[in-house]
Amino acid sequence: MTIEVRPLTTHIGARMTGIDVRKPLTPAEIDAIDAAMDKHAVLVLPGQDITDEQQLAFTKNFGALEEGANSGARDTELRLVPAFADVSNLDKDGKKLARGNKRRMAALGNRLWHSDASFRAVPAKYSILSGRIVTNNGGNTEFADMRAAYDALDAATKAEVEDLVCEHSLIYSRGQLGFSEFLPDERVSMKPVLQRLVRTHPSSGHKSLFLAAHIGTIVGWPRPEAMAFIRDLMEHATQPQFVYAHRWTQNDLVIWDNRDTMHRVRRFDDLTIVRDMRRTTTRCEGPTVAQQAA
Ligand SMILES: [Fe+2]
């Protein structure tokens, strides 16, 4: 099969055909995906009717797996093996989550712009999301290009953000939606981590803004001033010219690079419609900045 890559917007996203994710990849195919990711940051591979095992095998070509991607969920509640982030609205028996369900509440945080696992000292590299049962009645996933957003800052703002470090935690992002029912052991595991606000992509060399709803302050700044500034940057970075909105088709496999994008899911009627999306995730090479001693 010939690999073809077709851009979806002027900045971000491309559609890639000619790869069969069900089969082991050749080194040339892995290189082609990495090269396309470095250029486009989001890839859509349509028509990938895969099993969980095939998705895991594919993911392992692109780095170490992120462990415990189901942030906070108990193992006994899991529908999928722990290497998966269950982005569905289903419980372990395949029933739709009830309105007041705690996992559903936590998952509502995915409607806020974020970068996966930025609340971990070593954040996520690629996220690989398989659309097993999709909906077109809402539920689009939107991606914002943090390279283009950085490039479009004026020189004074670029100089101001260059060396800033932010605190990221799930407590902050969920708190934005008024969710604060954390158990004591969850609070410990959600201790804020530090991330640079400007990061440089290790293979493309492109600088980008490392923003996420998980940000709760900027180190050394008064918190309200930090959050007002982060809100301004978020507004700037998510303008329509930086965004690709993905409308899902059954068996799309969508890969995004969390090192230079943000994403969010749009609202849909999750109490009525089944949406079964399964995410695997790889880790970055290391932290973006040294962490504080515990
Ligand atoms: Fe996400």
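I began with the spacing of the iron ion's donor residues, which runs H-x1-D-x146-H in sequence. Donors here are N, O and S atoms within 2.8 Å of the metal (3.2 Å for Na, K and Ca), and water is not among the atoms, so sites may look incomplete. Then I noted the protein donors themselves: His114 (NE2), Asp116 (OD) and His263 (NE2), at 2.1 to 2.2 Å from the iron ion.

His114 is in the loop between α3 (102–107) and β5 (124–133), while His263 is in strand β14 (residues 261–265), so the pair links distant parts of the chain, 149 residues apart. Helices (H or I, at least four residues) and strands (E, at least two) are DSSP runs, numbered from the N terminus.

A reminder about the source: this is a predicted model, where local features need pLDDT of at least 70, side-chain atom pairs count only at pLDDT 80 or more, and totals for chains, interfaces and linings use all residues. Residues are numbered from 1 along each chain as its sequence is written, and side-chain values use heavy atoms, with hydrogens and water left out.

Last, the overall picture: I counted 8 helices and 15 strands in the chain. Its C-alpha trace spans about 50 × 40 × 35 Å along the principal axes.
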